[in-house]
Amino acid sequence: MECRICGCRKSEVIYKGIIRDGSFGNYTKNDVEMHQCLDCGAIYHENSRDAQFYESSEYRQKMGEEADDYASLHDKEVLEKLTITGTDIFRDKTIADIGCGGGSFLDFVAGAASQVLGIEPTEAYRKKLEKRGYHMYAYMEDALKDFEGSVDVIVSFDVIEHVEDPRRFMEECYSLCRKGGRIIIGTPTEQPVMRIALGEEYDRFLFSTQHLWVLNKESLRLSAELAGFRNIEIKYRQRYGLGNLVSWLKYRKPMGNVSCPYISEHVSKGWTADTEERGMADYIVAYAEK
Ligand SMILES: [Zn+2]
């Protein structure tokens, strides 16, 4: 198999077994091989998704969400996203959110922005957000007809791992961006801490049918670089605290950001900062300019 990011034909099978299919607790019937590119380090599997899968509400249902309760599930995630983007880059700018879902993030930046674009294959969300005055498109290639070379800031969280071709995703971001514009692209990464602590139990969760890719620092950087972006910086973020790891070990399931009476805030924050500093965190973000 050829790596779609760097073109390398050599890969190593790093996992073979059932993988997550939708939300936690749902798995494939058959074993899936996960390959890691020996050059750029991207992890991928062959099962590519039909793009139309994301247009239906089946995908969202599979992930345990419906159009009506999107805000109650996702508004709370906006604060974390704003700590990634900062709040000083949106004023009087054209902002695009690629894979905006029900628009929680866009709602919070729309007041500062001059105009707002959302890219979202799920039709139910698009219709809802069009009513709010956002320019909505199913795919980036549709948005290019109206906004090529004119977007100041592109943000995208938890999307690039779903696309068949991350390099093409970055190229489309590049086409959409104006000269001097910037991108902020976040994606879950392989987290060595969790893989060491939980072994295959974590692998079955990390690898999933919906995530065609698990990118690392190098493969995310390379995707942006090959698309033409410059001044690329990749930062690690730890989204889930020490309470999640410890509780997972106890209850054998992901617990989210729970607090444990025996882990102080101080210790949890220290652990989070440590995983980020050592490049062992669960999330990476690419910052780059056109
Ligand atoms: Zn590669």
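On the side of helix 12 turned away from its buried face sit the exposed residues His 266, Lys 269 and Glu 277. Keep in mind that this is a predicted model, so everything here is read off computed coordinates. The helix itself runs over residues 265-277, which makes 13 residues. From first C-alpha to last it reaches 18 Å, close to the 18 Å expected at 1.5 Å a residue.

Now for the buried side. Ser 268, Trp 271, Thr 272 and Thr 275 are the buried residues in helix 12. They share one side of the helix because they span an arc of only 100° around the axis. The spacing makes sense in general terms: an α-helix has 3.6 residues a turn, so residues three or four places apart point the same way. What lies over these buried residues? The cover includes helix 8 (192-198) and helix 11 (242-251). Just past the end of helix 12, Gly 279 takes a positive phi of about 70°.

Elsewhere, salt bridges with shared partners tie Glu 190, Arg 195 and Asp 203 into one network.

In helix 7 (residues 166-176), Arg 167 and Glu 171 are four residues apart, about one helical turn. Their side chains meet in a salt bridge at 3.9 Å, N to O. Arg 167 is partly exposed, with a relative accessible area of 28%, and Glu 171 is partly exposed too, at 33%.

Helix 10 (residues 217-227) holds the other pair, Glu 218 and Arg 221, which are three residues apart and again separated by about one helical turn. Their salt bridge has its closest N and O atoms 3.0 Å apart. Arg 221 is partly exposed at 25%.

## Cysteines without disulfides

If you are wondering how many disulfides there are, a search of the whole structure finds zero. Take Cys 100, which is in no disulfide: its nearest cysteine sulfur belongs to Cys 173 and is 13 Å away.

As for accessibility, Cys 100 counts as buried, at 3% relative accessibility. Cys 260 also counts as buried, with a value of 10%. The cut-off behind both calls is under 20% relative accessible area.

Definitions and conventions. Residues numbered from 1 in each chain as written. Predicted model: local features only at pLDDT ≥ 70, side-chain atom pairs only at ≥ 80, totals over all residues. Heavy atoms only, no water. Helix = DSSP H or I, 4+ residues; strand = E, 2+ residues; numbered from the N terminus. Expected span 1.5 Å × (residues − 1). Buried < 20%, exposed > 50% of the residue type's maximum accessible area, 1.4 Å probe, protein only. Arc of directions from axis to C-beta. Contact = heavy atoms within 4.5 Å. Salt bridge = Lys/Arg side-chain N within 4 Å of Asp/Glu carboxyl O. Disulfide = S-S within 2.5 Å.
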